[in-house]
Amino acid sequence: MPQHVQGVIAPGRNEPVRVETIVIPDPGPGEAVVKIQACGVCHTDLHYKQGAINDEFPFLLGHEAAGTVESVGEGVTDVAPGDFVILNWRAVCGTCRACTRGRPWYCFATHNAKQKMTLLDGTELSPALGIGAFAEKTLVAAGQCTKVDPSVAPEVAGLLGCGVMAGIGAAINTGNVGRGDTVAVIGCGGVGDAAVVGSRLAGAAKIIAVDIDDRKLDKAREMGATHTVNSRTADAVEAIRELTGGFGADVVIEAVGRPETYEQAFYARDLAGTVVLVGVPSPEMKLELPLLDVFGRGGSLKSSWYGDCLPSRDFPMLIDLHQQGRIDLAAFVTETIGLGDVEKAFARMHEGDVLRSVVVL
Ligand code: APR
Ligand code: ZN
Ligand code: ZN
C-alpha cells in the first residue's frame, strides 16, 4: 500500500519551499523505503529551489540524510528492515567503464529508485540528487543505503551523505594528503572545514585555513587548522608561501568554487603540488591562466566529485573514527530544526551563520 508522509517541496523557480503530503510507493525490485531521522540542509538544495540545477519542478528536497530501512523490494540483500543507514548519491552500478576499470568512486551510471514519488494529485516529484529526504520517509535504490554503526546520532551520521564527505574526501581521497604534508584550504564553510578535518586525520603537518570571514577562521582553527589567513586583508598566495618556507603548500584545496580562489590555489601550491577543486562553480565562470605556468609548475590539477568517495568503504570507516573520538563530526551541526524550518535555514545559510542546519524528524 502506498503511504502518505510529509515532505518539503520546491514548487517552482525561487518560490518558497513548503511542506506537502507525499505519496511513497511500496519498494519495487532493488528499491528501499527509508524512515528518515535527520537530513542536513545543503547548498545544492538551495540551488534546486533556485532552478540552478534543472527545471524539473517540483523537487522533493533534502539529500544529506540518515535513517532506518523500513521495507525493501524484491532482490535486495545488502540491507534489511531495521538497518541504520546513511543515504548516498553514488549507488555504484558495477558495470560502467569506471566500475569495470576498478574505479567505482567515479561510477558514471549510479542507481536511483525507478518508481516515482508523487503529490496527492499524482504530480511526479524530482527527488534532490535522487534522494529527497526532507520527508518522513523516502524511496531510494537499495544501493543508496549504506549501513553504519547505529549508535551514532542520526543528525551527525547524515552529514556524511554529502558536504562533510565531500570535504574529507577532497583531502584524503582526491588530494592524497599524507603524513607531514603542508595543506591549505581556501574557503572554510562546511566543506572546507571538513577538508581541514580530513587533512588532520591524514597526518598533515601544517593546515592553513583561508577565508574572508574571521568567524569562519576561528571555527577552522577549532577543527584543526594550524594557521589562518584572512584573504580580505592579506594576499592569500603570499601568506601561504610565507607559512611554507617560501614555497607553497603540497596540497591546496579550493572549497569556494570561484575563478579567483582557484587562481589563488593554483599559485599557492609548491612546484609539483596538487590543487583539488571541490567548490562547485556556476556555468558562466571562466578561468584564464598562462599555459606556461600550467606546464612549468607541474603537479596535478584535480576535481573532487563527492570527495571521490566510495560510500560502502568510507561511510562506515568515518563513523567508526567519529565514535572513537578521532574526528568530531558533531562539530558541524550548528542547529537542529523541524521540517517547517527549511526556508529559514536557507536564509541563515546565506548569512554565513551556520555550518549545517539539520532537520530532525
Ligand atoms: N576567498 C576565501 N573564502 C571565501 C571567498 C573568497 N573569495 N568567498 C567565499 N568564501 C568563504 C565563505 O566565507 C565561506 O566560509 O567560503 C566559504 C563557503 O562556505 P559555505 O558557503 O558554507 O559553502 P560550503 O557548504 O562549505 O560549500 C562550499 O563546495 O560543495 C560546494 O556548492 C558548494 O561551492 C560550494 C562549496
Ligand atoms: Zn558504474
Ligand atoms: Zn549536498
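Visitor: Where is Leu-129 placed?
Guide: Leu-129 sits in the loop between E8 and strand E9 (137–141). Helices (H or I, at least four residues) and strands (E, at least two) are DSSP runs, numbered from the N terminus. This is a predicted model, where local features need pLDDT of at least 70, side-chain atom pairs count only at pLDDT 80 or more, and totals for chains, interfaces and linings use all residues. Residues are numbered from 1 along each chain as its sequence is written, while chains are lettered from A and ligands numbered from 1 in the order in which they are written.

Visitor: What about the phi of Leu-129?
Guide: Leu-129 has a positive phi of about 50°, although it is not a glycine.

Visitor: Why does Leu-129 count as buried?
Guide: Because it has 27 C-beta neighbours inside 10 Å. The cut-offs: buried means 20 or more other C-beta atoms within 10 Å of the residue's own, exposed means 12 or fewer, and partly exposed is in between, with C-beta atoms placed from the backbone.

Visitor: And Asn-176, where is that?
Guide: In the loop between H4 and strand E11 (182–186). Asn-176 also has a positive phi of about 50° and is not a glycine. Asn-176 is partly exposed, because 15 other C-beta atoms lie within 10 Å.

Visitor: Back to E8. Which sheet order includes E8?
Guide: E7-E2-E1-E4-E8, an open sheet of five strands with mixed pairing. Two strands pair if DSSP finds at least two bridges between them. The edge strands are E7 (118–119) and E8 (126–127), each pairing on one side only.

Visitor: In what sense do E4 and E8 pair?
Guide: Parallel, over two bridges, with E4 covering residues 59–60. Phe-59 has Ser-126 in E8 as its bridge partner.

Visitor: Which peptide bond is cis there?
Guide: The one from Phe-57 to Pro-58, with omega near -5°. Pro-58 is in the loop between helix H1 (43–49) and E4.

Visitor: New topic. How is the chain divided?
Guide: Into domain 1 (3–161 + 328–360) and domain 2 (168–304). The bounds come from an automatic or database domain assignment.

Visitor: How many residues does each domain give to the contact?
Guide: Five residues come from domain 1 and six residues from domain 2. Contact means C-beta atoms, placed from the backbone, within 7 Å. The domain centres, taken over C-alpha atoms, are 29 Å apart.

Visitor: Now ligand 1. How many residues surround it, and which are the closest?
Guide: 25 residues surround ligand 1, and the closest are Gly-187, Gly-189, Val-191, Gly-257 and Val-280. Near means a C-beta atom, placed from the backbone, within 6 Å. Helix H4 (163–174), helix H5 (190–201) and strand E12 (206–211) each give two or more residues to that shell. H5 gives the most, with three residues.

Visitor: What is the shell around ligand 1 like by class?
Guide: Ten nonpolar, eleven polar and four charged residues. Ala, Val, Leu, Ile, Met, Phe, Trp, Tyr, Cys and Pro count as nonpolar, Asp, Glu, Lys and Arg as charged, and the others, Gly among them, as polar.

Visitor: Last one. Which residues is Ile-319 in contact with?
Guide: Leaving aside neighbours within four places in sequence, Ile-319 contacts Val-148, Asp-149, Val-152 and Ala-157. Ile-319 lies in helix H10 (residues 311–323). Ile-319 counts as buried, because it has 25 C-beta neighbours inside 10 Å.

Conventions
Contact = placed C-beta atoms within 7 Å.
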